[in-house]
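This briefing goes through the structure shown below, topic by topic, beginning with a single position and ending with the contact between chains.

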Amino acid sequence: MDSLTLPRTHYANAEYGLRSWLLTTDHKRIALLFLGSISAFFLIGGLFAMLIRLELLTPPGDMVGADTYNKLFTMHGIVMIFMFLIPSIPAVFGNFFVPIMVGAKDLAFPRLNLLSWYIFMIGGLFTLAAIALGGVDTGWTFYTPFSTHASQSNVMVAAVGVFIMGFSSILTGLNFIVTIHTMRAPGLTWFRLPLFIWAMYATSLINVLGTPVLAISLVAVALERALHIGIFDPAYGGDPVLFQHLFWFYSHPAVYIMVLPSMGVVSELVATFSRKNIFGYTFVAFSSLAIAVFGFLVWGHHMFVAGMSVYGAMIFSILSFMVAVPSAVKVFNWTATLYKGSISYETPMLYALGFIGLFAVGGLTGLFLATLAVDVHVHDTYFVVAHFHYIMVGGALMGYLGALHYWWPKMTGRMYPDLIGRIAAVTVFIGFNLTFFPQFVLGYLGMPRRYHAYAEEFQALNVLSTAGASILAVGFLIPAFYLLWSLKYGKVAGANPWGSVSLEWTTPSPPPTFNFDETPVIAGPAYDYREPEAKRA
Amino acid sequence: MPDAAFDPRAVPGADAHAAALHSPALKHHFDDLGQQKEAATLGMWLFLATEVLFFGGLFAAYLLYRVWYPDVFGEASRSLDITLGSVNTLVLIGSSLTMALAVHAAATGQRRTLMIFIALTMLLGAVFLGIKGVEYYDKIVHHHVPGPSFHFEGPTPERAQLFFSLYFAMTGLHAFHMVIGLGLMTVILLMAWRGRFSATWYTPVEMSGLYWHFVDIIWIFLFPLLYLVDRHS
């Protein structure tokens, strides 16, 4: 390993100075801009989470008042969803690796890509301003009529922020779709694409088709709040439930915006660290598209108790069950890939395995919630909170951390200490389960979500949950230290530290500005580990 | 070689291809102009898809309330000026025709014709906005603008207000897109004036054309929903 050296010039040192970063059109530099921004936002969202957990340590609402608590969970939701999870993998790793993995020099619209970061930051600053001005208390869902008539908090500022940030994800998604369609290297046919690209493609479809609906619903909320025009106002014959329909038409698919990229990452990790071709490549590829399509047809399951007709609810219930099929296709195919693989447990792989387990729990509890009778019982309880944290933290965030540890050596050229990485990964896994598993039980026992006080008998499980959150926080902080440390002191990684056969590992680490010294020509499938399956063929 | 001087008809075939490969319009990260144009076209269509969904939220709201309150929606709809609305529809379709002719002029490298048709398109767009302004003024005079001073004869004036809320939201959003379109056309006109387009590279004209036609098509849906929905009786 000592003989490895960093390339003399690469994307990060080709130019110097603040200008060269703030005005860059290099997708790799823009990815790093996003990485910095969303890491800061993650910290803010995490602080809100810790305050929530601290308040819930004891049954009475003693640390913060009810109003403050409402603002805490609202800001936690808005920051984590719109400012961290939605952009996370696409804006950072998608930006960095979509062009490299399709063998292109850049995304199709580099200036639009930079614009996307600026839009994101402007929207983010609006939302931060809403926090600084005293916060928002509507919940991240902005439900009417509370958001349009009753709330005295900074709903407008926050809604404008979320509206603006939406355009960032639209532009990023649009850029990815066009790049994947038009800029693939010679020989890189659709079914030779890495599964991460398929996942990014499916995610981008949702971004492009879903986000505008959220945008227009927020415009309607803003108009109604400012001008009282009454589209959702029952006083004029309007229907608040219409807002819920429009909101969830985006916000349910948004769950797949968060988790599909992680699924793509896990496909890469499982192949690399078990040295095997992905089992059932075509099925895994199409399951991403299937999830994107089904994802648009299930929004009603958020509204089973909002006055929906029984027949409507039944249809949404059945459709929700159907999402489990492509999700299960992925989990089974990853498991089949692991079978008889030559598995090694480096840090990224621990996150991938963590993802598979936690996503399975999150997905299966989703089936409980899709079941009408059970949903009536556990609706708006901690069961729901636990369920979606298993998907968003156990799934999406695990995938994000896996991606970060997998591609870090490619992005920076240096390796982090793998042992500490593994310790952190295990800490995250333990902390996560300790935080959120008790919440399934709490919810099933009837503890409602979004209250700052609760009945005495729930305390033991809440203490467990808060303790878990502390462990989880430590698990998140450790990587921050060793990754920053590795920038200067880490071992030089070399082009391909994991021994992967994927395209991004054939170029130097860090890659040159135009990604490849000469345009690669692709002659085989994405995962070509010459395993028994390949030999049989 | 400046863009303006490049005319493929003046160069034999093979040279034209080589010249197109090294056109100054070619961005560094594309292999050739063909790929670049393909990317721009797909990007524009995707953008238009997002626009369809953006308007889609309002269309969904309109359809819901129209089904719930057909009578008052019909009454409110009849208070709109169908003559102005029809004239505006013709104006807008006319502007789409001039836009299509502008794209054709660009594709055949006729700079002067291109500029004339872009200017005509802008003129028709401005006429549309002018007429729309007259209609809005009329609504203000008749207190049909949602708000404290809203007034509408009939048993359920508040539901008529719902109609006018949607009317202003939808036509307002459409007019906003027209204004953006006029901005785009100004840029295209300037670029054409400076001779930036050629028969090999006129992608911005074509993309702006797609946008313009899209805005037109939105109106083609708005017009019957808002103006014609209850005219049969």
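This is a predicted model: local features need pLDDT of at least 70, side-chain atom pairs count only at pLDDT 80 or more; totals for chains, interfaces and linings use all residues.

B:Pro70 counts as exposed, because 12 C-beta neighbours lie inside 10 Å, and a residue with 12 or fewer is classed in that way.

**The setting of B:Pro70**

- The exposed B:Pro70 lies in helix H3 of chain B, which covers residues 70-78.
- Although B:Pro70 and B:Leu48 are 22 residues apart in sequence, their C-alpha atoms are 30 Å apart in space.

**The fold of chain A**

- Chain A contains 17 helices and two strands.
- The radius of gyration of chain A is 23 Å, close to the 24 Å that the globule rule gives for 537 residues, so chain A is as compact as a globular protein of that length.
- The C-alpha trace of chain A spans about 70 × 45 × 45 Å along its principal axes.
- Of the 537 residues in chain A, 56% are buried.
- When contacts in chain A between residues at least 6 apart in sequence are considered, 85% of them join residues at least 24 apart.

**The contact between chains A and B**

- In chain A, 31 residues are in contact with 30 residues of chain B.
- Two or more residues on this side of chain A come from each of helix H7 (155-182), helix H8 (195-227) and helix H9 (240-274) of chain A, and H8(A) gives the largest share, nine residues.
- By residue class, the side of chain A that touches chain B divides into 23 nonpolar, six polar and two charged residues.

How values were computed:
Residues are numbered from 1 along each chain as its sequence is written. Chains are lettered from A and ligands numbered from 1 in the order in which they are written. Two residues are in contact if their C-beta atoms, placed from the backbone, lie within 7 Å. Helices (H or I, at least four residues) and strands (E, at least two) are DSSP runs, numbered from the N terminus. Ala, Val, Leu, Ile, Met, Phe, Trp, Tyr, Cys and Pro count as nonpolar, Asp, Glu, Lys and Arg as charged, and the others, Gly among them, as polar. The radius of gyration is taken over C-alpha atoms; the globule rule is 2.2 Å times the number of residues to the power 0.38. A residue is buried if 20 or more other C-beta atoms lie within 10 Å of its own, exposed if 12 or fewer, and partly exposed in between; C-beta atoms are placed from the backbone.
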